[in-house]
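Please walk through the side-chain packing of the model shown below, beginning with a helix pair and then turning to the aromatic rings.

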Amino acid sequence: MDEQAGIDVHEGSYWLHTVPPGTPAPPPEGPLTVDVAVVGGGVAGLCTAWELARRGRSVAVLEAHRIAAGVTGHTTAKLSAQHTLVYDRLRRTRGPQGARLYARSQMDAVRHAAATAEELGVDCDWEDTAAYTYAEDPGRTDELKAEAEAAREAGLPAEYVTETDLPFPVAGAVRVEGQAQFHPRKYLMALADDIRRLGGVIHENTRVTGLDEGRPCELTVRTPTATTKVTAHSVVVATHYPVFDRALLFTRLSPRRELVLAAPVDADRAPLGMYITQELNTRSVRTAPLGGGRRLLLVTGEHFTPGTGGDVEERFARLAAWATDRFGDLDFTHRWATQDNDSTDSVPLVGPLHPGSRNTYVATGFGGWGLSTGIMAGRLLSERITGRDCAWSDLYDPRRIASVVREGATFLKHQADVARHFVGDRLPSTSGAAVDEIAPGDGAVVRVAGERCAVHRDEAGQLHAVSARCTHLGCLVSFNRAEKAWECPCHGSRFDTEGRVVQGPAQEPLERREL
């Protein structure tokens, strides 16, 4: 628990707090052979494995930590085809047909999840509701009207409105009916159980460190006690940020982190829809059922690139102040952060891992809409692997080039940001904190014997030192005091204070250093 504004706040996801991980699924005891190996046990990996198991394929899910507990376990759990202002942009960059395929694929995912929950009898707090993208600034109503028109042309039940059930006025909003919200871990743990029932296997604490794309493919797997091999005809890399990147997809992905606060409110004070605005560095609102005439208000915002967030505690405070200003007095019970990757052309990358791929696939770049896109990815990849056609496979194909060229400005800006860190980190610098200046609970990159070290002082005063260079491509990490983590600003890798990998694409821990 952490004390914030006089309130005990649980440091962690509400979804994980209410459905905690149980006993870990054991790693493989030796070499394993399956039809399909799925690397990553989040929404995309589990949905892909489940779709394939239903079609009679033998599958193995290989998760480095715990299933549905990484990015998926920290989502805001909106299941929607309404993705802020994407449709007006898509009809300009991918044409009206591209926008229609995007809408069809995302709505198919929403409906498929509803049907799956019913088929499996999953009590996952499913609620049908409307999704809104709103603005308070009257100067932004024209772009909202254009988005409503584009979404409607794409086939969504969209309309421009000026009234919502938010407790504050808006200048305008795009409303899309027929969307949903639910408890993601209740849903995905039911999928995991069904994967096992269908003959699939799930291995946790199982990190995949190597991929040989032969016929069949061979994966090198590291467990807490051994290294072994998994052989598969097909491999799906569903690790949020690809741990194998032979097409240099990292050049087309921008990581961002957002903060989440949760507080119970009386049901009559709770908005019924799901809301988001791009104003104020993003504000997103939804609620979840608590029972007893109460609902849990979830407020998200303050997005930043990992490793560049400055004082994240201040960001949490700004988000809390906004929520209290808009919804009245709130007693926050949970706080956490979520991480997403944006593709440079606004469309996720789902399909062959690289131009020469025969049996290796990837799903990444979900842009903050991981639940609908992860479910869609499971459907799309299972179609590809089983030799069936999918109407929107070309739209999401990672090998597309034309849209990357059209979005060249975004691509170049991302590369410039990475280059600034990559090159700047290697220039001599005399600035930086000294070890004795690091306060308890804080961390800093300091020079020790001429080498940059990432040093954290715990609350008891003990120092913990690791290399400050990310093991992915060598950028310097920065300390996130609120979450007690080292973060890489180049590609979003995150490490705990002992240097262990929390989030990829890094595969190896930060090396220990002696002070």
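**Helix packing and aromatic rings**

Helix 2 contributes Val-43, Leu-46, Cys-47, Ala-49 and Trp-50 to a contact with helix 6, where the partners are Leu-188, Leu-191, Asp-194 and Ile-195. By residue class, this contact of helix 2 with helix 6 has eight nonpolar residues, no polar ones and one charged. The model is a predicted one.

The geometry of the pair can be stated briefly. Helix 2 spans residues 43-54 and helix 6 spans residues 184-197; their axes come within 9 Å and cross at roughly 35°. The crossing of helix 2 past helix 6 is left-handed.

The aromatic rings come next. There are 12 aromatic pairs in the structure. Tyr-14 and Trp-15 make up one of them, with ring centres 5.3 Å apart and planes at 70° to each other, an edge-to-face arrangement. The pair counts as edge-to-face because the angle between the planes, 70°, is over 60 degrees. Both partners are buried: Tyr-14 has a relative accessible area of 10%, and Trp-15 has a relative accessibility of 1%.

Elsewhere, ring pairs join Tyr-132, Tyr-134, Phe-168, Tyr-275, Trp-322 and Phe-327 into a cluster. One of the cluster members, Phe-168, also has a charged neighbour: Arg-326 lies over the face of the Phe-168 ring, 4.9 Å from its centre. A further arginine, Arg-335, lies over the face of Phe-316, at 4.2 Å from the ring centre.

Methods. Residues numbered from 1 in each chain as written. Predicted model: local features only at pLDDT ≥ 70, side-chain atom pairs only at ≥ 80, totals over all residues. Heavy atoms only, no water. Phe/Tyr/Trp six-rings, centres within 6.5 Å; stacked < 30°, edge-to-face > 60°. Buried < 20%, exposed > 50% of the residue type's maximum accessible area, 1.4 Å probe, protein only. Lys NZ or Arg CZ within 6 Å of the ring centre and 35° of its normal. Axes fitted to C-alpha atoms, helices over the stretch in contact; angles between N-to-C directions. Helix = DSSP H or I, 4+ residues; strand = E, 2+ residues; numbered from the N terminus. Left-handed = near helix turned anticlockwise from the far one by under 90°. Contact = heavy atoms within 4.5 Å. Nonpolar A, V, L, I, M, F, W, Y, C, P; charged D, E, K, R; others polar.
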